[in-house]
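The sequence and structure come first.

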Amino acid sequence: ALHLAKAQDGKSLEDFQKVYNAIAEKLRDEDEFDGYIGYGPNLVRLSWHVSGTFDKNDNSGGSFGGTYRFKKEADDPANKGLQNAAHFLEPIAKKFPWISHGDLYTLAGVTALQEMQGPKIPWRPGRVDADEKDTPENGRLPDASQDGSYVRHYFGRFGFTDQEIVALLGAHCLGKTHLENSGYEGPWGAATNTFTNEFFVNLLNENWKLEKNEAGNKQYNSEKGYMMLPTDYALVQDGKFRKYVEKYAKDQDAFFEDFKSAYVKLLENGIDFGKLGKAYVFKTLDEQDS
Ligand code: DDH
């Protein structure tokens, strides 16, 4: 059965906007992280990895229980590097002790995306902290060395279509890979902390060479110093994926719209929000300043 979202009695949009603002202000203040990329991409990746443990077959994993806070999940080798985002969020969790971990991790991703000029992401609260015994086993996060059929099969576990898969992977415009975390190295593009359709533009327009990196893993490199994982490059090798790459490279608005829907689905997988009301849409710090 789906997890039932819990009504946040006495809490309104304003309360969650305060959490949003605390995260957004900290993002502005601590902009020197990771060579001045800042924490935004790392927070987005955390929101995806806490959701990426979902399995629709038994409704296990997913963002609902906030189980990333337990050692088993935090220590999943696939989560290397996300201790930065977790550490970033510690003072926020202390300041707002009423928010559940699942709500905090997902709201942090939404905040980071919006503050990095991404689309507005409608977000709903109501996740409830689960017990440690409900922590999913390691190994549910994807393997970057694989091909298109692996990617399609992997995301089938969430019920995502080809179009949704391509849209979601556009998040790789953000941040970079780190040899010490994943065994891959380099950014996907130039604007590492602005949300754009650059991932798709670069996939199509750069001159990619498959090379072995210092960790012995194969990645695609371009003269400009950009990289693509094998699973990223699979999106132009597979015809059914490629047509969406071409669409999003041409049409940033279409990418934003489709990314928004797929990302909301990712964050809400396995949860029944019932009649708990409509999603909140937060104002960015810039919008509140003017
Ligand atoms: Fe990713 N990702 N990702 N990714 N991801 C990495 C970094 C980031 C895969 C592999 C990697 C999504 C899907 C996939 C972000 C967002 C999203 C890294 C590098 C690897 C490897 C980590 C490191 O070395 O620090 C693979 C494989 C997949 C796949 O599903 C096939 C999705 C769906 C998202 C999303 O947000 C919707 C972001 C952001 C980063 C950059 C993190 C950072 O610290 O910078």
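A salt bridge here is a side-chain nitrogen of Lys or Arg within 4 Å of a carboxyl oxygen of Asp or Glu. By that rule, K133 pairs with D134, the closest N and O atoms being 3.8 Å apart. The model is predicted: local features need pLDDT of at least 70 and side-chain atom pairs count only at pLDDT 80 or more, while totals for chains, interfaces and linings use all residues. Residues are numbered from 1 along each chain as its sequence is written, and side-chain values use heavy atoms, with hydrogens and water left out.

**Domains and their interface**

- The domain assignment, which is automatic or taken from a database, gives domain 1 (3-140 + 263-289) and domain 2 (148-254).
- Between the C-alpha centres of domain 1 and domain 2 the distance is 23 Å.
- Domain 1 puts 24 residues into the contact and domain 2 puts in 19 residues, where contact means heavy atoms within 4.5 Å.
- About 1800 Å² is buried between domain 1 and domain 2, and carbon and sulfur atoms give 59% of this area. Buried area is the accessible area (1.4 Å probe) that two parts lose on being put together, summed over both.
- On the domain 1 side, I37, M116 and K265 lose the most area to domain 2, together 27% of what that side buries.

- How many salt bridges are counted between domain 1 and domain 2? The count is one salt bridge.
- K265 forms a salt bridge with E164, with 3.2 Å between the closest N and O atoms.
- Twelve residue pairs, both at pLDDT 80 or more, are in polar contact across the interface of domain 1 and domain 2. A polar contact is a pair of N or O atoms within 3.5 Å; within protein, one must be able to donate a hydrogen and the other to accept it, and residues adjacent in sequence count only if both atoms are side-chain atoms.
- The elements giving two or more residues to the side of domain 1 that touches domain 2 are α2 (33-36), α3 (40-51) and α13 (252-268). Helices (H or I, at least four residues) are DSSP runs, numbered from the N terminus.
- Helix α3 supplies the largest share of that side, four residues.
- That side of domain 1 divides into eleven nonpolar, seven polar and six charged residues. Ala, Val, Leu, Ile, Met, Phe, Trp, Tyr, Cys and Pro count as nonpolar, Asp, Glu, Lys and Arg as charged, and the others, Gly among them, as polar.

**Salt bridges in the whole structure**

- The whole structure holds 17 salt bridges.
- Buried means under 20% relative accessible area, exposed over 50%, partly exposed in between (1.4 Å probe, protein chains only).
- R152 forms a salt bridge with D162, the closest N and O atoms being 2.9 Å apart.
- R152 sits in helix α7 (residues 148-156) and D162 in helix α8 (residues 162-169), ten residues apart.
- R152 is partly exposed at 24%, whereas D162 is buried at 17%.
- K176 forms a salt bridge with E185 at 2.9 Å between the closest N and O atoms; K176 is partly exposed at 24%, and E185 is partly exposed at 33%.
- A network of salt bridges links R28, D286 and D289.

**A buried lysine**

- K26 lies in helix α1 (residues 13-29) and is buried at 16% relative accessibility.
- Leaving aside neighbours within four places in sequence, K26 is in contact with F88, P91 and I92.
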